[in-house]
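Colleague: I am new to reading protein models, and I would like to go through this one with you slowly. Could you begin with the words we shall need?

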Amino acid sequence: MMRTRFISAAAVAAAAALAITGCTGSSGDQGSDVKPAKSGSVTWWGWTPDTPVAEKYIAEFNKQYPDIKVTYKNFENVDYRNTITPALDSGKGPDVFDLSPAGGSPDLWGPYALDLTSLAKDTLGDGWKDKIGGSYVKQLTSSDGRFVSLPLGGMSAGFLWYNKDILDKAGATVPTDYASWVDTCKKVTAIGKTCFTMGAGGTDTFPTEMYHSIANTVDPDFFIKAATGKAKWNDEQGQKVLEIIKKMKDDGIIAPNALDGPQYPLANNEFMKGDAAMVQMGFWYTQYAGAESCKTSMEAAGVTNPTCFVQLPAQFPDVAGEGHKSTYFGEADYGLAINSESKNIGPAKTFVSWMTLNKTGQQNVANALDLLPALKGTTPDWSNIKLVDDSVQRPAIEKLITESGETTESRQWQTTQKSLDAIVVAIQQVLDPSVNKSIKSIADDQQASSEASKVGTK
(Lines give C-alpha, C1' and ligand atoms only; values in the text may rest on other atoms or scores of the structure.)
Protein backbone atom coordinates (compact mmCIF):
# COMPACT_ATOMS: atom_id res chain seq x y z
CA MET A 1 0.00 0.00 0.00
CA MET A 2 1.37 3.42 -0.90
CA ARG A 3 2.40 5.38 2.11
CA THR A 4 1.38 8.97 2.75
CA ARG A 5 3.46 11.55 0.92
CA PHE A 6 3.08 14.10 3.69
CA ILE A 7 4.92 15.16 6.82
CA SER A 8 2.84 15.36 10.00
CA ALA A 9 3.28 18.30 12.35
CA ALA A 10 4.15 16.03 15.24
CA ALA A 11 6.85 14.29 13.25
CA VAL A 12 8.45 17.53 12.09
CA ALA A 13 8.39 18.89 15.62
CA ALA A 14 10.00 15.73 16.96
CA ALA A 15 12.69 15.71 14.30
CA ALA A 16 13.37 19.41 14.75
CA ALA A 17 13.67 18.96 18.49
CA LEU A 18 16.15 16.14 17.99
CA ALA A 19 18.18 18.25 15.61
CA ILE A 20 18.33 21.05 18.15
CA THR A 21 19.08 19.00 21.26
CA GLY A 22 21.42 16.49 19.60
CA CYS A 23 24.09 16.92 17.01
CA THR A 24 23.19 18.95 13.98
CA GLY A 25 25.06 16.98 11.37
CA SER A 26 28.49 17.61 10.01
CA SER A 27 27.39 19.72 7.03
CA GLY A 28 30.85 18.86 5.74
CA ASP A 29 31.44 17.79 2.18
CA GLN A 30 34.74 16.02 2.61
CA GLY A 31 33.22 13.10 0.70
CA SER A 32 32.56 15.17 -2.41
CA ASP A 33 35.92 14.20 -3.89
CA VAL A 34 35.31 10.47 -3.47
CA LYS A 35 34.85 8.81 -6.86
CA PRO A 36 31.93 6.48 -7.63
CA ALA A 37 32.85 2.84 -7.00
CA LYS A 38 31.86 -0.41 -8.71
CA SER A 39 31.81 -2.56 -5.60
CA GLY A 40 30.81 -2.32 -1.97
CA SER A 41 27.61 -2.12 0.03
CA VAL A 42 24.93 0.55 0.46
CA THR A 43 22.14 0.90 3.00
CA TRP A 44 19.12 2.95 1.89
CA TRP A 45 16.38 4.19 4.22
CA GLY A 46 13.12 5.71 3.06
CA TRP A 47 9.42 6.12 3.68
CA THR A 48 8.92 5.51 0.00
CA PRO A 49 8.89 3.61 -2.34
CA ASP A 50 7.13 0.51 -1.14
CA THR A 51 9.56 -2.36 -0.57
CA PRO A 52 8.54 -4.37 -3.69
CA VAL A 53 9.15 -1.33 -5.90
CA ALA A 54 12.51 -0.63 -4.25
CA GLU A 55 13.53 -4.25 -4.70
CA LYS A 56 12.76 -4.04 -8.42
CA TYR A 57 14.91 -0.91 -8.70
CA ILE A 58 17.77 -2.63 -6.90
CA ALA A 59 17.49 -5.79 -9.03
CA GLU A 60 17.80 -3.70 -12.19
CA PHE A 61 20.74 -1.79 -10.71
CA ASN A 62 22.51 -5.05 -9.90
CA LYS A 63 22.31 -6.14 -13.54
CA GLN A 64 24.82 -3.41 -14.25
CA TYR A 65 26.58 -3.33 -10.87
CA PRO A 66 26.45 -6.87 -9.46
CA ASP A 67 29.20 -6.17 -6.92
CA ILE A 68 27.30 -3.44 -5.06
CA LYS A 69 24.89 -4.82 -2.49
CA VAL A 70 22.02 -2.42 -1.71
CA THR A 71 19.84 -3.04 1.34
CA TYR A 72 16.60 -1.07 1.57
CA LYS A 73 14.72 -0.38 4.80
CA ASN A 74 11.20 1.00 4.53
CA PHE A 75 9.57 3.03 7.31
CA GLU A 76 6.10 4.38 7.87
CA ASN A 77 6.11 8.14 7.33
CA VAL A 78 6.17 9.23 10.97
CA ASP A 79 8.53 6.43 12.02
CA TYR A 80 11.04 7.53 9.41
CA ARG A 81 11.13 11.09 10.61
CA ASN A 82 11.44 10.04 14.23
CA THR A 83 14.25 7.58 13.42
CA ILE A 84 16.45 9.23 10.81
CA THR A 85 17.74 12.18 12.86
CA PRO A 86 19.01 10.25 15.90
CA ALA A 87 20.47 7.63 13.58
CA LEU A 88 22.40 10.25 11.62
CA ASP A 89 23.44 12.00 14.82
CA SER A 90 24.82 8.77 16.26
CA GLY A 91 26.84 7.96 13.18
CA LYS A 92 24.78 4.80 12.64
CA GLY A 93 22.55 6.19 9.94
CA PRO A 94 22.16 4.83 6.41
CA ASP A 95 24.48 5.56 3.52
CA VAL A 96 21.58 6.85 1.42
CA PHE A 97 18.31 8.33 2.67
CA ASP A 98 15.13 9.87 1.26
CA LEU A 99 14.85 13.65 1.39
CA SER A 100 11.94 15.67 0.00
CA PRO A 101 11.29 19.40 -0.52
CA ALA A 102 8.31 19.42 1.85
CA GLY A 103 8.31 20.71 5.40
CA GLY A 104 11.73 22.37 5.12
CA SER A 105 13.50 19.02 4.77
CA PRO A 106 16.48 20.35 2.75
CA ASP A 107 17.37 22.51 5.75
CA LEU A 108 16.35 19.96 8.38
CA TRP A 109 18.31 17.01 7.00
CA GLY A 110 20.54 18.76 4.49
CA PRO A 111 23.36 19.31 7.02
CA TYR A 112 23.84 15.53 7.15
CA ALA A 113 24.09 15.19 3.37
CA LEU A 114 26.75 15.67 0.74
CA ASP A 115 26.42 18.51 -1.74
CA LEU A 116 25.66 16.56 -4.92
CA THR A 117 26.34 19.36 -7.39
CA SER A 118 29.64 17.89 -8.58
CA LEU A 119 28.14 14.40 -8.94
CA ALA A 120 25.33 15.75 -11.10
CA LYS A 121 27.70 17.85 -13.22
CA ASP A 122 30.18 15.01 -13.65
CA THR A 123 27.38 12.68 -14.74
CA LEU A 124 25.30 14.94 -16.98
CA GLY A 125 27.89 17.54 -17.97
CA ASP A 126 27.53 21.30 -18.25
CA GLY A 127 23.92 22.39 -18.37
CA TRP A 128 22.99 19.51 -16.07
CA LYS A 129 20.28 21.56 -14.37
CA ASP A 130 18.39 21.87 -17.65
CA LYS A 131 18.30 18.07 -17.97
CA ILE A 132 16.36 17.64 -14.71
CA GLY A 133 12.62 18.33 -14.77
CA GLY A 134 10.55 21.00 -13.10
CA SER A 135 12.19 23.14 -10.45
CA TYR A 136 13.42 20.00 -8.73
CA VAL A 137 17.01 21.19 -8.30
CA LYS A 138 15.88 24.42 -6.68
CA GLN A 139 13.42 22.61 -4.45
CA LEU A 140 16.06 20.20 -3.15
CA THR A 141 18.65 22.88 -2.48
CA SER A 142 19.06 24.05 1.12
CA SER A 143 18.85 27.72 2.05
CA ASP A 144 22.66 27.88 2.22
CA GLY A 145 22.86 26.84 -1.44
CA ARG A 146 23.82 23.16 -1.10
CA PHE A 147 22.15 20.69 -3.49
CA VAL A 148 21.48 17.96 -0.93
CA SER A 149 19.28 15.42 -2.71
CA LEU A 150 19.16 14.14 -6.28
CA PRO A 151 15.50 13.87 -7.34
CA LEU A 152 14.26 10.41 -8.21
CA GLY A 153 11.09 11.85 -9.64
CA GLY A 154 8.29 14.34 -9.34
CA MET A 155 4.75 14.24 -8.15
CA SER A 156 1.58 15.93 -9.32
CA ALA A 157 -1.74 16.24 -7.52
CA GLY A 158 -4.98 18.18 -7.67
CA PHE A 159 -7.17 15.68 -9.53
CA LEU A 160 -9.52 12.78 -8.84
CA TRP A 161 -9.33 9.06 -9.53
CA TYR A 162 -12.60 7.32 -10.37
CA ASN A 163 -13.81 3.75 -10.65
CA LYS A 164 -15.18 3.52 -14.18
CA ASP A 165 -17.01 0.29 -13.38
CA ILE A 166 -19.05 1.94 -10.62
CA LEU A 167 -19.95 5.01 -12.68
CA ASP A 168 -20.99 2.81 -15.61
CA LYS A 169 -23.18 0.65 -13.36
CA ALA A 170 -24.77 3.73 -11.81
CA GLY A 171 -25.39 5.35 -15.18
CA ALA A 172 -23.37 8.32 -13.96
CA THR A 173 -20.86 10.58 -15.65
CA VAL A 174 -17.55 12.02 -14.52
CA PRO A 175 -18.47 15.32 -12.82
CA THR A 176 -17.17 18.55 -14.30
CA ASP A 177 -18.87 21.11 -12.06
CA TYR A 178 -20.73 21.25 -8.76
CA ALA A 179 -24.18 20.40 -10.07
CA SER A 180 -22.97 17.39 -12.06
CA TRP A 181 -21.04 16.15 -9.01
CA VAL A 182 -24.18 16.24 -6.89
CA ASP A 183 -26.08 14.39 -9.63
CA THR A 184 -23.36 11.76 -9.96
CA CYS A 185 -23.32 11.22 -6.20
CA LYS A 186 -27.07 10.67 -6.09
CA LYS A 187 -26.79 7.98 -8.75
CA VAL A 188 -23.81 6.32 -7.09
CA THR A 189 -25.36 6.22 -3.63
CA ALA A 190 -28.54 4.81 -5.16
CA ILE A 191 -26.62 1.61 -6.00
CA GLY A 192 -25.21 1.36 -2.51
CA LYS A 193 -21.76 2.81 -3.11
CA THR A 194 -19.94 5.76 -1.56
CA CYS A 195 -19.55 8.57 -4.05
CA PHE A 196 -16.41 10.45 -2.97
CA THR A 197 -14.32 9.00 -0.18
CA MET A 198 -11.89 11.06 1.83
CA GLY A 199 -10.17 10.77 5.19
CA ALA A 200 -9.87 14.06 7.07
CA GLY A 201 -9.31 12.66 10.55
CA GLY A 202 -5.96 12.80 12.32
CA THR A 203 -3.01 15.04 11.47
CA ASP A 204 -2.09 13.91 7.96
CA THR A 205 -2.30 16.82 5.58
CA PHE A 206 -4.05 15.03 2.73
CA PRO A 207 -7.16 17.25 3.14
CA THR A 208 -5.05 20.19 1.98
CA GLU A 209 -5.13 18.67 -1.52
CA MET A 210 -8.89 19.17 -1.67
CA TYR A 211 -8.65 22.66 -0.23
CA HIS A 212 -5.98 23.56 -2.80
CA SER A 213 -8.07 22.20 -5.68
CA ILE A 214 -11.20 24.05 -4.55
CA ALA A 215 -9.19 27.23 -4.07
CA ASN A 216 -7.96 27.00 -7.66
CA THR A 217 -11.55 27.01 -8.88
CA VAL A 218 -12.31 30.07 -6.72
CA ASP A 219 -9.19 32.02 -7.68
CA PRO A 220 -6.22 30.29 -9.37
CA ASP A 221 -3.73 32.61 -7.64
CA PHE A 222 -5.16 32.53 -4.12
CA PHE A 223 -3.58 29.42 -2.61
CA ILE A 224 0.05 30.27 -3.36
CA LYS A 225 -0.51 33.93 -2.47
CA ALA A 226 -1.94 32.95 0.91
CA ALA A 227 0.80 30.40 1.47
CA THR A 228 3.51 33.00 0.84
CA GLY A 229 1.86 35.83 2.77
CA LYS A 230 0.69 37.85 -0.22
CA ALA A 231 -2.92 37.13 0.73
CA LYS A 232 -4.64 35.93 3.89
CA TRP A 233 -6.38 32.63 4.45
CA ASN A 234 -9.38 34.51 5.86
CA ASP A 235 -9.77 36.69 2.79
CA GLU A 236 -13.02 36.42 0.85
CA GLN A 237 -11.57 33.65 -1.30
CA GLY A 238 -10.54 31.60 1.72
CA GLN A 239 -13.95 31.88 3.28
CA LYS A 240 -15.55 30.82 0.02
CA VAL A 241 -13.38 27.69 -0.08
CA LEU A 242 -14.61 26.68 3.38
CA GLU A 243 -18.20 27.47 2.42
CA ILE A 244 -17.89 25.15 -0.59
CA ILE A 245 -16.53 22.38 1.64
CA LYS A 246 -19.51 22.78 3.97
CA LYS A 247 -21.87 22.68 1.01
CA MET A 248 -20.17 19.54 -0.32
CA LYS A 249 -20.82 17.86 3.02
CA ASP A 250 -24.43 19.06 3.20
CA ASP A 251 -25.17 18.00 -0.39
CA GLY A 252 -23.71 14.51 0.02
CA ILE A 253 -20.52 14.83 -2.00
CA ILE A 254 -18.27 14.42 1.02
CA ALA A 255 -19.11 11.18 2.83
CA PRO A 256 -20.38 11.35 6.43
CA ASN A 257 -17.48 9.24 7.69
CA ALA A 258 -14.76 11.62 6.46
CA LEU A 259 -13.59 12.37 10.01
CA ASP A 260 -13.43 8.71 11.05
CA GLY A 261 -9.79 8.36 9.99
CA PRO A 262 -6.97 9.65 7.78
CA GLN A 263 -6.76 9.24 4.01
CA TYR A 264 -4.68 6.13 4.59
CA PRO A 265 -6.17 3.70 5.34
CA LEU A 266 -9.77 5.04 5.31
CA ALA A 267 -10.16 6.51 1.83
CA ASN A 268 -7.55 4.30 0.19
CA ASN A 269 -9.19 1.12 1.43
CA GLU A 270 -12.72 2.21 0.50
CA PHE A 271 -11.62 2.99 -3.03
CA MET A 272 -9.45 -0.09 -3.46
CA LYS A 273 -12.17 -2.36 -2.12
CA GLY A 274 -14.47 -1.04 -4.84
CA ASP A 275 -16.78 0.55 -2.28
CA ALA A 276 -16.29 4.14 -3.47
CA ALA A 277 -16.55 5.73 -6.91
CA MET A 278 -14.03 8.55 -6.44
CA VAL A 279 -11.03 9.51 -4.35
CA GLN A 280 -8.53 12.36 -4.49
CA MET A 281 -4.98 11.03 -4.78
CA GLY A 282 -1.90 12.16 -6.64
CA PHE A 283 0.13 10.72 -9.50
CA TRP A 284 1.44 7.87 -7.33
CA TYR A 285 -2.00 6.26 -7.67
CA THR A 286 -1.27 5.68 -11.36
CA GLN A 287 0.58 2.50 -10.43
CA TYR A 288 -2.71 0.87 -9.41
CA ALA A 289 -3.90 1.04 -13.00
CA GLY A 290 -1.45 -1.80 -13.54
CA ALA A 291 -2.95 -5.28 -13.63
CA GLU A 292 -0.53 -6.69 -11.06
CA SER A 293 -0.37 -3.73 -8.66
CA CYS A 294 -4.15 -3.33 -8.79
CA LYS A 295 -4.64 -6.83 -7.40
CA THR A 296 -1.92 -6.34 -4.80
CA SER A 297 -3.44 -3.10 -3.57
CA MET A 298 -6.93 -4.59 -3.43
CA GLU A 299 -5.63 -7.54 -1.41
CA ALA A 300 -3.87 -5.12 0.95
CA ALA A 301 -7.22 -3.36 1.41
CA GLY A 302 -8.78 -6.65 2.49
CA VAL A 303 -10.25 -8.05 -0.72
CA THR A 304 -9.94 -11.82 -1.20
CA ASN A 305 -9.44 -13.04 -4.78
CA PRO A 306 -9.93 -9.54 -6.23
CA THR A 307 -11.12 -8.70 -9.72
CA CYS A 308 -9.51 -5.45 -10.83
CA PHE A 309 -11.62 -2.47 -11.78
CA VAL A 310 -10.69 0.24 -14.27
CA GLN A 311 -9.49 3.36 -12.48
CA LEU A 312 -8.93 6.60 -14.36
CA PRO A 313 -7.84 10.15 -13.54
CA ALA A 314 -10.22 13.09 -13.87
CA GLN A 315 -9.84 16.82 -13.53
CA PHE A 316 -11.14 18.23 -10.25
CA PRO A 317 -14.61 19.70 -10.96
CA ASP A 318 -15.18 23.45 -11.16
CA VAL A 319 -17.00 23.53 -7.83
CA ALA A 320 -16.84 27.33 -7.52
CA GLY A 321 -18.60 27.86 -10.83
CA GLU A 322 -16.22 30.64 -11.81
CA GLY A 323 -15.01 28.96 -14.98
CA HIS A 324 -11.51 28.39 -13.61
CA LYS A 325 -9.77 25.16 -14.49
CA SER A 326 -8.42 23.53 -11.35
CA THR A 327 -4.87 23.11 -12.55
CA TYR A 328 -2.56 20.42 -11.25
CA PHE A 329 0.12 21.28 -8.73
CA GLY A 330 3.35 19.44 -8.21
CA GLU A 331 7.02 19.32 -7.32
CA ALA A 332 9.87 16.92 -6.71
CA ASP A 333 8.41 14.08 -4.69
CA TYR A 334 11.65 13.05 -3.07
CA GLY A 335 15.30 12.60 -3.81
CA LEU A 336 18.17 10.46 -2.62
CA ALA A 337 20.68 12.04 -0.26
CA ILE A 338 24.11 10.63 0.62
CA ASN A 339 25.15 10.67 4.25
CA SER A 340 28.31 12.77 4.49
CA GLU A 341 29.54 10.51 7.32
CA SER A 342 29.02 7.33 5.29
CA LYS A 343 31.90 4.85 5.05
CA ASN A 344 30.51 3.80 1.65
CA ILE A 345 30.36 7.07 -0.28
CA GLY A 346 31.88 5.55 -3.44
CA PRO A 347 29.22 2.85 -4.02
CA ALA A 348 26.55 5.20 -2.69
CA LYS A 349 27.39 7.70 -5.41
CA THR A 350 27.19 4.96 -8.02
CA PHE A 351 23.78 3.85 -6.79
CA VAL A 352 22.30 7.33 -6.41
CA SER A 353 23.54 8.58 -9.77
CA TRP A 354 22.27 5.43 -11.51
CA MET A 355 18.84 5.81 -9.93
CA THR A 356 18.45 9.52 -10.63
CA LEU A 357 20.72 10.54 -13.51
CA ASN A 358 21.00 7.38 -15.59
CA LYS A 359 18.58 6.67 -18.45
CA THR A 360 18.16 3.02 -17.45
CA GLY A 361 17.52 3.86 -13.81
CA GLN A 362 15.03 6.54 -14.70
CA GLN A 363 13.30 4.20 -17.16
CA ASN A 364 12.55 1.90 -14.24
CA VAL A 365 11.00 4.84 -12.41
CA ALA A 366 8.87 5.67 -15.44
CA ASN A 367 7.71 2.06 -15.84
CA ALA A 368 6.67 1.81 -12.18
CA LEU A 369 4.02 4.52 -12.86
CA ASP A 370 4.68 5.81 -9.37
CA LEU A 371 6.62 9.01 -10.08
CA LEU A 372 7.23 11.39 -12.94
CA PRO A 373 10.89 10.68 -13.85
CA ALA A 374 13.27 13.49 -12.94
CA LEU A 375 15.41 13.04 -16.04
CA LYS A 376 13.78 14.86 -18.94
CA GLY A 377 12.72 12.81 -21.94
CA THR A 378 12.06 9.63 -19.97
CA THR A 379 8.63 8.13 -20.60
CA PRO A 380 7.01 4.77 -19.80
CA ASP A 381 7.91 1.82 -22.00
CA TRP A 382 4.39 0.60 -22.60
CA SER A 383 5.58 -2.70 -24.08
CA ASN A 384 6.67 -3.66 -20.56
CA ILE A 385 3.56 -2.40 -18.76
CA LYS A 386 0.30 -4.33 -18.46
CA LEU A 387 -2.72 -2.25 -17.50
CA VAL A 388 -6.17 -3.46 -16.48
CA ASP A 389 -7.62 -1.98 -19.69
CA ASP A 390 -4.89 -0.59 -21.94
CA SER A 391 -7.28 0.86 -24.53
CA VAL A 392 -8.92 3.13 -21.96
CA GLN A 393 -6.24 3.73 -19.37
CA ARG A 394 -3.16 4.29 -21.48
CA PRO A 395 -4.43 7.41 -23.33
CA ALA A 396 -5.67 8.85 -20.03
CA ILE A 397 -2.34 8.21 -18.29
CA GLU A 398 -0.33 9.64 -21.19
CA LYS A 399 -2.46 12.78 -21.01
CA LEU A 400 -1.97 12.90 -17.24
CA ILE A 401 1.81 12.64 -17.64
CA THR A 402 1.87 15.44 -20.20
CA GLU A 403 -0.29 17.77 -18.13
CA SER A 404 1.59 16.93 -14.95
CA GLY A 405 4.86 17.86 -16.61
CA GLU A 406 3.42 21.22 -17.60
CA THR A 407 2.39 22.34 -14.13
CA THR A 408 4.18 25.35 -12.67
CA GLU A 409 2.30 25.55 -9.37
CA SER A 410 3.93 24.05 -6.30
CA ARG A 411 2.18 21.51 -4.12
CA GLN A 412 3.73 21.78 -0.62
CA TRP A 413 7.11 23.30 -1.25
CA GLN A 414 5.84 26.88 -0.77
CA THR A 415 3.49 26.09 2.11
CA THR A 416 4.77 25.90 5.67
CA GLN A 417 3.84 23.06 7.97
CA LYS A 418 1.92 25.48 10.20
CA SER A 419 -0.22 26.58 7.25
CA LEU A 420 -0.86 22.99 6.15
CA ASP A 421 -1.86 22.02 9.69
CA ALA A 422 -4.14 25.05 9.95
CA ILE A 423 -5.91 24.06 6.73
CA VAL A 424 -6.53 20.57 8.12
CA VAL A 425 -7.97 21.94 11.36
CA ALA A 426 -10.22 24.35 9.44
CA ILE A 427 -11.58 21.53 7.27
CA GLN A 428 -12.17 19.34 10.31
CA GLN A 429 -14.11 22.11 12.02
CA VAL A 430 -16.24 22.68 8.92
CA LEU A 431 -17.06 18.95 8.68
CA ASP A 432 -17.62 18.38 12.41
CA PRO A 433 -21.31 18.89 13.29
CA SER A 434 -20.41 19.42 16.95
CA VAL A 435 -18.35 22.53 16.16
CA ASN A 436 -20.52 25.63 16.48
CA LYS A 437 -18.43 28.25 14.70
CA SER A 438 -19.09 30.47 11.71
CA ILE A 439 -17.10 30.07 8.52
CA LYS A 440 -15.55 33.48 9.13
CA SER A 441 -14.47 32.50 12.63
CA ILE A 442 -12.92 29.27 11.35
CA ALA A 443 -11.08 31.16 8.61
CA ASP A 444 -9.87 33.76 11.13
CA ASP A 445 -8.45 31.01 13.33
CA GLN A 446 -6.86 29.40 10.28
CA GLN A 447 -5.08 32.62 9.41
CA ALA A 448 -3.94 33.15 12.99
CA SER A 449 -2.44 29.64 13.14
CA SER A 450 -0.65 29.88 9.80
CA GLU A 451 2.84 31.04 8.94
CA ALA A 452 3.81 32.52 5.60
CA SER A 453 6.50 30.79 3.57
CA LYS A 454 9.42 32.66 2.06
CA VAL A 455 10.43 29.70 -0.12
CA GLY A 456 10.46 30.41 -3.84
CA THR A 457 9.35 34.03 -3.41
CA LYS A 458 12.59 35.67 -4.53
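Modeller: Helices (H or I, at least four residues) and strands (E, at least two) are DSSP runs, and they are numbered from the N terminus. This is a predicted model, in which local features need pLDDT of at least 70 and side-chain atom pairs count only at pLDDT 80 or more, while totals for chains, interfaces and linings use all residues. Residues are numbered from 1 along each chain as its sequence is written, and side-chain values use heavy atoms, with hydrogens and water left out.

Colleague: In which helix does Asn 364 lie, and is it buried or exposed?

Modeller: Asn 364 belongs to helix α15, which covers residues 359-368. Buried means under 20% relative accessible area, exposed means over 50%, and partly exposed is in between (1.4 Å probe, protein chains only). Asn 364 has a relative accessible area of 17%, so it counts as buried.

Colleague: Which residues does Asn 364 touch, not counting residues up to four places away in sequence?

Modeller: Contact here means heavy atoms within 4.5 Å. Not counting residues up to four places away in sequence, the residues that Asn 364 touches are Tyr 57, Glu 60 and Trp 354.

Colleague: How many residues has the largest nonpolar core, and which helix gives the largest share of this core?

Modeller: A nonpolar core is a set of buried Ala, Val, Leu, Ile, Met, Phe, Trp, Tyr and Cys residues joined through side-chain atoms within 4.5 Å. The largest one has 78 residues, and those with the most contacts inside it are Trp 44, Phe 97, Tyr 285 and Phe 351. The largest share of this core, seven residues, comes from residues 345-357, that is, from helix α14.

Colleague: How many residues are in the second, separate core?

Modeller: In soluble globular proteins, nonpolar side chains tend to be buried together. The second core is separate, includes Ala 170, Ala 227, Ile 245 and Ala 426, and has 51 residues.

Colleague: At what angle do α11 and α17 pack, and what is that arrangement called?

Modeller: Axes are lines fitted to C-alpha atoms, for helices over the stretch in contact, and angles run from 0 to 180 degrees between N-to-C directions. Helix α11 (residues 236-250) and helix α17 (residues 417-431) have axes 9 Å apart and pack at an angle of about 40 degrees. Angles under 35 degrees count as roughly parallel, over 145 as roughly antiparallel, 65 to 115 as roughly perpendicular and the rest as oblique. The two helices, α11 and α17, are therefore oblique.

Colleague: Where is Leu 369, and is it buried or exposed?

Modeller: Leu 369 is in the loop between α15 and β10 (372-373). Its phi is near 55 degrees, a positive value in a residue other than glycine. At 3% relative accessibility, Leu 369 counts as buried.

Colleague: And Asn 305, which also has a positive phi: is it buried or exposed?

Modeller: Asn 305 is not a glycine, although its phi is positive at about 50 degrees. Asn 305 lies in the loop between α13 (291-300) and β8 (311-315). At 70% relative accessibility, Asn 305 counts as exposed.

Colleague: What is omega for the cis peptide bond that joins Thr 48 and Pro 49?

Modeller: Pro 49 is found in the loop between β1 (40-46) and α2 (51-64). For the cis peptide bond between Thr 48 and Pro 49, omega is about 5 degrees.
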